[in-house]
Amino acid sequence: MGNNVVTKLQDLNLVDKFLFDEVMEDTESYEALISILLENEIHLLTKPETEKELRVSPQLRQVRLDVVSMDRSKKVYYTEMQKTNTGNLRKRSRLYQAQLDVSLLEPGTTNFNLLNNSCFILIAPFDIFGKGLYRYTFEGTCRECPELRINDGAIRVFINTEGTNGEDFSQEFLDLMKYITESTDVVSQSSDSTRLKLLHKNVKKIKASEKMGVKYMQKWEELAY
């Protein structure tokens, strides 16, 4: 898009922000995605919000989260799809987590134990940390006592679709890693995952929608100008 060359909607993959946001507006699709990524069955309480803007003050920088939702235990999940390496994603994740935390408590609240548990997930087709892992999960630990965790309810997860430690993950997870950058019939059909097939069904629905085609072109024109 930056080169004024528009990729057709039909050629987009899940790694592309427009398609990702539109697919993740569907509750079952977002449930499927984060359940596979975290290898844990997750059931959402609220419909996912996409392009959610958080701003503490008009004088301070706002952040815009790709997808946000809450599960039945009131844990908040917020997910970002990042196609390019901007070189600042570690600190960007810190800002996003801080902004979300501020938005979770009502003004005047003094009981900070009411703060929801949260999980930030950043998905990228590259390795931010250079260790070759598909997934990096960060929770606060003590330098002096490594087995001690702060247990403040905040987790940051970084997904690298180009990982090399496939033996540590389920086939469903590995199929999703490929599907994120190749959201095609071929990749979907080669997987036995019903959740991945659900994602692909919604991907195809969006790509075939004339309304979505118009919305995509309008979005591209806004960015171009």
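The side chains of Arg195 and Glu41 meet in a salt bridge, with N and O 3.2 Å apart; the term stands for a side-chain nitrogen of Lys or Arg within 4 Å of a carboxyl oxygen of Asp or Glu. Arg195 lies in helix 6 (residues 194-208) and Glu41 in the loop between helix 2 and strand 1, so the pair ties together parts that are 154 residues apart in sequence. This is a predicted model, in which local features need pLDDT of at least 70 and side-chain atom pairs count only at pLDDT 80 or more, while totals for chains, interfaces and linings use all residues. Residues are numbered from 1 along each chain as its sequence is written, and side-chain values use heavy atoms, leaving out hydrogens and water.

**Salt bridges**
- The structure holds 9 salt bridges.
- Arg195 counts as partly exposed at 22% relative accessibility, and Glu41 counts as exposed at 51% (buried is under 20% relative accessible area, exposed over 50%, partly exposed in between, with a 1.4 Å probe and protein chains only).
- Arg149 pairs with Glu139, their closest N and O atoms being 2.9 Å apart.
- Both Arg149 and Glu139 sit in the loop between strand 5 and strand 6 (154-160), 10 residues apart.
- Arg135 forms a salt bridge with Glu39, with 3.3 Å between the closest N and O atoms.
- Arg135 belongs to strand 5 (residues 135-138) and Glu39 to the loop between helix 2 and strand 1 (49-54), which puts the partners 96 residues apart.

**Two helices in contact**
- Helix 1 (residues 17-24) and helix 2 (residues 27-38) pack at an angle of about 110°, and their axes are 7 Å apart (axes are lines fitted to C-alpha atoms over the stretch in contact, and angles run from 0 to 180 degrees between N-to-C directions).
- Helix 1 is therefore roughly perpendicular to helix 2, a label for angles of 65 to 115 degrees.
- Phe20, Val23 and Met24 of helix 1 meet Ser29, Tyr30 and Leu33 of helix 2, where contact means heavy atoms within 4.5 Å.

**The whole protein**
- The protein has 7 helices and 6 strands (DSSP runs numbered from the N terminus: helices are H or I with at least four residues, strands E with at least two).
- Of its 225 residues, 43% count as buried.

How values were computed. Parallel < 35°, antiparallel > 145°, perpendicular 65-115°, else oblique.
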